Every structure is written in structure tokens, then in C-alpha cells.
Amino acid sequence: MSFTAMLLKPFTGSTRGRLSVVTVFFGLLLAGELEPRELPSCKESDYHFEYTDCDVLGSRWRVAIPNKPDTCTGLPDPVKGTHCTFSCKEGEYLDMKTQECQKCAAGTYSLGTGVAFDEWDSLPAGFISHGINMDLGDMYTNCTNSTWTPKGDYIASNTDECSSTLSYAVSLKQPGSVSFQYFYPDTNIFFEFYVQNDQCQSTDFQSRLMKSSESDWDSHYVQLNSGNNVLFWRTTGFSLSNNAPKPVLLKNIAISGVAYTSECFHCKPGTYSAEPGAARCAPCPANTYSNKGATACQDCDKEKYSGIGSGTCQQRPPCTANDYFYTHTPCDSAGQTQLMYKWIEPKFCSETAEGAVKLPASGEKQTCPPCNPGFFSSNSSVCKPCPKGSYSNGTECSKCPVGTEPVVGFEYKWWNRMPSNIRSSVYSREYSDSQRSTGWEVAGEYIYTTPGDLDSDYMMLTLTVPGYSLSYSVEKNNERAEFSKITFVFETKCTADCRLYFMAGLNERNNAVVESWSGTNGKQSYSYLIKSNLTVSFTWGFQRTEAYTMERQYSSDFAKIYSIHITNVIDGVASECRQCALDSSHKDLACVPCPSGHYMLKGTGMCKSCPPNTFIRPEQPLGEEACIPCGPNTSSNKARSACVSNCTLAVQYKGETLRYDFSPLANVTHFESSPRFTSKGLRYIHQFSVGLCGTEGRALASCVDNVTDTTKEVNGYVCQSIIMPSEVRGQSVVSSQPFIIGSTLIGVTTESTLDHISSSENSFPADSYLPDVIFYYRARETTQACKNGRSTSIRLRCDPTVTAMDQLTAPSKCSEGTCDGCSFHFLWHSQHACPLCSERNYKEIVSACTEGIQRTTYVWQQPLRCTGGVPLPAPRISACVTLDFWLKFGASIGTLAAVLLIAISCYFWKRTRKLEYKYSKLMMNAGEKECDLPAADSCAIMEGEDAEDDLIYLTKKSFFTKIKSFSRERTSDGFDSVPLKSSSGMEMEMN
């Protein structure tokens, strides 16, 4: 049997097996027939080293991996590698050949155990950006294209109303960290950063919400655990206006804690590292450039220029009047200042180019402006503050007279020298280490913004004060509404989308925007009440345009500040003195504060109590006019700093006294307006919080801003905030833009107008005969739109059917509660808005007497228009006599009276008949004697005459026949005919 047959024999039953063996056989045959190919020995360039995975003991091996398979032979044998915890320092890399750390060469950098991402021409490997489709009820938004966009030096977020996520996964062999720089200027975007492990569980670290940065790049640092970490940067746009919000920018992302880095990274264009072992590359100065991996920056040609960190140079444009600015030198001993012109640094323009302007000549002398109030000129060149207890108008100091005190603060209205507590700076979105350090320059009567390196730069001016101290004449109490007030006069002129920001807070880095003005604004004044002793830093920031460009197109746009005045500043100066209350027990008549509720008598320094139900104005309480009467149905608090309502009210209405108790409505109530939608269809609502009434210790309405890491909260009687769908950020409540619309209670009345605040009845048509009770509030904070502050009226309307506590509605024509943004009006339906019940609101119902018992029940009169108050009396039971008894008693009395009457009638009737008989008999006897009437002895019936009565009734008649004859037998002379019977039995008839 041949060799081939021997191979095939065991697999004759399987076609697939036969084919496989044949294939193997012919492969062996061909291999035997071909001559063996000789592979060259591997060179160092043909392979690289890598570490195997670490075992449980932290050990690993270094192995050689060919760059291309089957290209060489003789790879180095595996050797034991460094321990898994081994790492190199910053500026070093691990040389895999020697397994030792080496310094990076010049022109490169390394983070040691980390990786860095500072070039964003495209999305670096490992980063993933995707949009999250939003399904909010009836609205669906396709967010596929809402991703982060690389912009060269940084990466920018989305600006639409979608959620966009930038993520990066990294495995750390040891605990490490992540750091990055971000620019977050617009709170109309939610920006959060968080870390998850490979189980999609968020790691525990500080708040995931990022702090906003109005003018400069901020840095963020988070520690990471060893193992797998997924980093997330998430943004969601939410603009309530038609303008798109500003994007979030990221740059310089650095991650440490990776196993090792075996190479150094080249510096990107526009940066360099001059020395070996660099941990990062430095940007090239202005008017220089560099290529990738540069060890030094090259100067641009004379007719070219570049910005900071530029990789190329550009042709210099001709100089114009927008390329220089003017300033003043400090005053000299002669009281003169020089007008100086300077080129904007760094200088980009060319003076030799065709059409270029020349720098005006400097040195023109001008008279120095006077010192600011509270200062004096010592040697005609330097202004110094007046001593404590003195004042000045800017020339010389004078001591305050006895019985007066200085009005301390700072008032800057002359600008020859930058005050020591005011600092000017420039913040660039690209590089914050710009050579420019002055964004504002003094100009005598005002201070103004100079052109920046870029039109997108922020020109910053910061005023810092040590704190506030109320004057002696102002009572210090916890309920005081304000510590100080800052007022400034400004002006802006713009040809682009410029904006002036005014910010306040604890320090320059944490200041929050209070107000902003866009475009050109004429000369105007703005005031801000300072309610916290921690608000000691104030910043003005001016940006000519948001768009980034290397060209200076809007250098002529400017902002000017003419004056700044802040009151009650510790270690401040005084421009005037005012009367104060005096302590007569002190030998030098020191100033003391008046007690609560007292004002100072003019010219005496004595304190006198204000009338009842008045409060002291926030300014100095001088004169009786300092006592401001409380509004209707309110009373002053204990500190006499405001008027409050105890939630009860009594009003006269149509001759009746209506009494109210709104205590059940005193707790803070939240209600929402009807849903509204942005230009792109995203839903949001306005939420209002109301603390209707109450005295000391009452609950205050509160509204918050929790969009960023820095939470802002406002408190008062009424406030408003904007609530977004929770799906936007994945938390229960997202609230932003809170502000007070009612901080002071003006009064409670049934009138439709109070203190120039109107609550039109036409906005809330009524069908009840009861009056509406209206609470009036006012907020003193002013805005551009509301020059006189905001006001709120809440109309309470009785509705016994409403038991809920939050039935507040806005006018039908103004669904947000206001039509102008300044005056707010609401209608509150509640059973607790009804008057208290009294005796006139119920009636009694008396039942019939049953079995000697009578019940009295009390019921409310309908429709019921009252609540609480007098309760219904309990049912009353009383004894009574039934109707059957009185009927029986009446019937018995009636029967007895009838019998008695009949008996009396019969008696007198019989007596009358006897008298008639005797009269008839007399008449008969008189007739027999021819009218010779004998003298009657008596007309009375004599004894024994009764027997003669029978003669009349010899002829018997029935009872009815007798009555009939009695009524008819009457003669014409008025006498009755009486039948008589003689002794012979004959019947005679007498007339």
C-alpha cells in the first residue's frame, strides 16, 4: 500500500475528512519540494516592547512584538518587567529597552503616568461624542447631530436644546486624577461632569454640576479610583430667548494614573518646550510663531504679526485710530496732568503701511481734576483720605461738628488715578496670561475700556471693599433689609453685539451676574441694594463681541463709567456729616443709635418715639417724616423696620362688619403658570412661591437657582423662578432665574388701588356679592425694564367649594401673571378667603311639639359664604304642651259656657214672659173700667201668683210653635198678643 493510500484509508467514509487530509498532504509535499526561506534577523526598528497583563501579585513580563509579522526572526526573549505600580515622573517616559525612566527631549512633553489632550483639530482617539434624543411628552427632538465640535485649541459643546455627551474611557492601574479647563459663560446651558465605573455606577465625588465662569477659563480637578473609569461631560441647551446660548468650551484635559507612557508628545504648533523633561509646552508670545515639536518660537517678519500661541504669522494691517488709546499721567506738584497716547499692546498694525495713521503727540498738559469726596490733596499731586471723623468735598478736610457723624463710604467721580481698591484686568478666552493687564483707563471725568488684544476679550474692572458698618444713627437689627447700596453711572456705545456685565459676590472669581446691558446705552444710573455683609466684591465686565477672531473689528466700541458710590463701607471716607443722637452721659457727647421705632428731633439730637403703626425708613431717621405710616390693616413689627399683617382683617361692607382670618393660607404656597415653550418647542413653566402674611418668624417664600454648582436663593413674600422638565438633566426639579416680586407688604384692603399699585377688577370678573380682599406687595430692586421696581397684588376671593390651598390663577390676558414684567396680579380662590361665620349666617328651625317635647335645630343659611368663626349652636330640646290638650280644654270650656249661656237665656226669657203677663193683665183691667186705671199697688209678682201662670197654658203648644208665635204675634203698637182665659173658660184676646 502506498503512502498516500495509508493516509487516506482511515477517512474513506468521510468526504470532508478526505479533502482535509489531501489538503494537508499536498501542503506537506509542496513544503518538502520547496527550499526553506531564510528570514533576516530582527533589528530594533522591526519590533517594539510591550508588557503583559499584570498577575495577582502585580508582576508582568516584557515581550517583544514585531511591527509586521513574518518579516524577521530572532526576537529578544521575554524578560521580567517592572512592577505594575512602577511609574515615571512628569516630563519623563519609560524606556522599554532599559525599563528605566528617561527625560523627554526638548520640543516634547510628558505627564509621566498620564495622558494629555490639548490639540482639538479633530476628536482624539478614545473620545466619543453623541447626542441624546429627547422625548418630553408630546415633543420629540432628533439630537443625532448635537455633538461636541473640535475647534483647534478647544472643543465646543452643542447650543441647541438637546443633551450632548463627550465621554472618554480609561483604565487606571493606580489611583489618579483628571483635570481640565473649561469656559462656561451661559447658564442657559446645563453643564455637568461625572465619572462612572465599568458597571455604569457613578463614583462618589463632589457635585457633578459645574460652576459658571462669566469671563475667564476655570480649572476643574477630580480624583479617580484605580480600575476602569468613564469620564462624561454633558451639556443641555435651554434658551428662553430666540438667541442661542453660548457654548461650553473644554481644553487641556489631563488624566493621570495610567500604567505608564513609553513616549513623549510633540508640542503642538504655537507652543514650545525649550528644556528636556517638560511636563507641558508653553505658548509662544505675541508676534512669534512655532511649528510642531518646536524648542523655541520664531519672530514674525517686521510686516507680519501673530497672537499669543499662534502657529503662523499674518500681514499687519494699516494702523487706524482704533489701534491706540489715551490716558492721563498722575498729577504733578503744579496740579497738572499730561495727556498720553499709547498703542494697544501687543501692536498688530503697521505704521508704514499705505493709509496708516500716526500716533498723536503726547504731553499736552491739562489741569488735574479735584480729589474725590472724602479725600484731600496733600501736595497737589496725591489725594489722601481725610482722618476719621472728618469730611471733605475733595479740597480740604473738616472735622464733623459736635452732634454729627460722618457719612462714610466711597464716592469716585474724578478719575486721574486708579483708586487703590479698584483693579483693572483683561481676560482672554484663549489665553488668560495675556501681556495686557489694563482693560480700563482713567480719563479725568470718567473711566473707559481700552481696546483689547481680541474683540472677544473681557475688559474687567473690580472694586473690593472690606465690609460694611452701619452708622451710629441707624439701629442695628437682624431684620434690616440692607447693609449698603452701590450706585454707578455708565454709558456704552457699540456697533456689534457688545455687552456690559455687573457682577457682585464674595470675590472676583465667585461674583455672580446681577444685571447686564447689551448694545448702545445712553448715560444712565443703576443702583444695587447690598443685603449681605459677604457681598464685598463688584466687577464690571465689557465684551465687544462673542465671536472669536484675530482681527480687531470693533475696537471703537467702549463702555464708560462716570461715577461709583457705595455707602456704609468700613474704613470709608466721608463727603458730609449728618446729625446723630447723642449720649448725654458721655462727656464728649458721643453719637449713639436711637432705639427701635424712634427718630431724631432735628437740631436737638434727641430721640422720640414714632407714632403707633409706623416704621422707620432705611435711611437716617431724622425728623418725624422718617416715620412712615403702615398701610391699611397692617402694623409695624417689633424692630419698626417693616409693616406686617397678622392674617386677620375686619372691614365694613354694606353696613356689616366682615371679619377674616387668613391664617390657614399663611404657609408658603407654590403654584405654576400654564406651560410655555421655547422657540424650539421645549416646555417650561413659571413657578411662583407666596408667603401671604404673618408677623415675626413667619415663613418666607423661597426661590432657588440650582442650574450650576453655586446655588442662588432669594426670599420674600412673593418670588418667581423658571422650572424646566426634569428630563433635561435627570433630577427632580431644575430651577433657574429666581427673583423677588414682593419683598415688602404695602397693605391689605378691599380697594382696587393702593400706593399707585392697581389691581383691576376687569382682570378677574366677579359674580359674588362679597368683596375681594387684596394684598399689595412691592419689591425695591430695579432693573432695566422696571425702573421703579416690581409690584404684586394677590386678590383673595371667597369660594366655599375650594378646599385646596394652591388655587391661584393669573389674568386670562397675561398667563404669566404680568403683562409688562413689572406688575404681577393673581387671584386666589379659597374657602379660607371667606369671612368668618357669625350669628347672622345661620337660622333656627323649631319642630312641632310631640309628646310634650319640642326640638330647636340650627342650620347655615344657603348659599353659605363664610368659614370658621362662630360654630353652629347645638340642637336644643324644651318641654311643651301638645295641641290635643288645648283642643280638649277649649272644647270643655266652650261647652260649659254654652250651657251656662242657654240657662241664663232661659231664665231671663221666662222672667220676661211673666212681666209681659202682668202687664197684659193690668191693661185688661184698665179696659173694663174705660180707661180708669186703678193705681197699681205693684208690678211685681206677689206671693201666690205663680198659680195663675197655668191659665196661660191651658191650651198646650209645642216648643217650636211657641217660639213661632212669640216672634209673629205682635201688634202694631209693638206689644205682643197674649191669649188669656176667663173664669168661664172663654179665650180672650187682648191688644
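This report describes aromatic pairs, charges over rings and disulfides in a predicted model.

**Aromatic pairs**

The structure holds 48 aromatic pairs. One of them is formed by Phe-117 and Tyr-168, whose ring centres lie 5.2 Å apart with 65° between the planes, an edge-to-face arrangement. Phe-117 belongs to strand 7 (residues 114-117) and Tyr-168 to strand 13 (residues 163-172), so this contact ties together parts that are 51 residues apart in sequence. Phe-117 is buried, at 12% relative accessibility. Tyr-168 is buried as well, with a relative accessible area of 11%.

A second example is the pair of Phe-183 and Trp-217, with ring centres 6.0 Å apart. The planes of Phe-183 and Trp-217 stand at 45°, so the pair counts as tilted. Phe-183 is part of strand 14 (residues 176-183), while Trp-217 sits in the loop between strand 15 (189-196) and strand 16 (218-224), so the pair ties together parts that are 34 residues apart in sequence. Phe-183 has a relative accessible area of 0% and is buried. Trp-217 is also buried, with a relative accessible area of 5%.

Ring pairs also join residues into a cluster, whose members include Phe-117, Trp-120, Phe-127 and Tyr-168. Phe-180, Tyr-182, Tyr-184, Phe-191, Phe-193 and Trp-233 belong to this cluster too. Phe-117 and Tyr-168, the edge-to-face pair described above, are thus both found in the cluster.

**Charges over rings**

Two arginines are placed over aromatic rings. Arg-60 lies over the face of Tyr-51, 4.1 Å from the ring centre. The charged end of Arg-62 sits over the ring of Phe-49, at 3.8 Å from its centre.

**Disulfides**

A disulfide is a covalent bond between the sulfur atoms of two cysteines. The structure holds 21 disulfides. The table gives the sulfur-to-sulfur distances for three of them.

| Disulfide | S to S distance |
|---|---|
| Cys-88 and Cys-101 | 1.9 Å |
| Cys-400 and Cys-577 | 1.8 Å |
| Cys-798 and Cys-834 | 1.8 Å |

In the disulfide of Cys-88 and Cys-101, the torsion about the S-S bond is about -90°, so the link is left-handed. This pair links distant parts of the chain, 13 residues apart: Cys-88 is in the loop between strand 3 (79-80) and strand 4 (92-95), and Cys-101 is in strand 5 (residues 100-103). Cys-88 counts as buried at 10% relative accessibility, whereas Cys-101 counts as partly exposed at 26%.

The link of Cys-400 and Cys-577 is left-handed, with -65° about the S-S bond. Cys-400 is buried, with a relative accessible area of 12%. Cys-577 is partly exposed, at 22% relative accessibility.

The link of Cys-798 and Cys-834 is right-handed, with 85° about the S-S bond. Cys-798 is in strand 66 (residues 790-798), and Cys-834 is in the loop between strand 68 (823-830) and strand 69 (842-846); the pair links distant parts of the chain, 36 residues apart. Both Cys-798 and Cys-834 are buried.

Key: Residues numbered from 1 in each chain as written. Predicted model: local features only at pLDDT ≥ 70, side-chain atom pairs only at ≥ 80, totals over all residues. Heavy atoms only, no water. Phe/Tyr/Trp six-rings, centres within 6.5 Å; stacked < 30°, edge-to-face > 60°. Helix = DSSP H or I, 4+ residues; strand = E, 2+ residues; numbered from the N terminus. Buried < 20%, exposed > 50% of the residue type's maximum accessible area, 1.4 Å probe, protein only. Lys NZ or Arg CZ within 6 Å of the ring centre and 35° of its normal. Disulfide = S-S within 2.5 Å.
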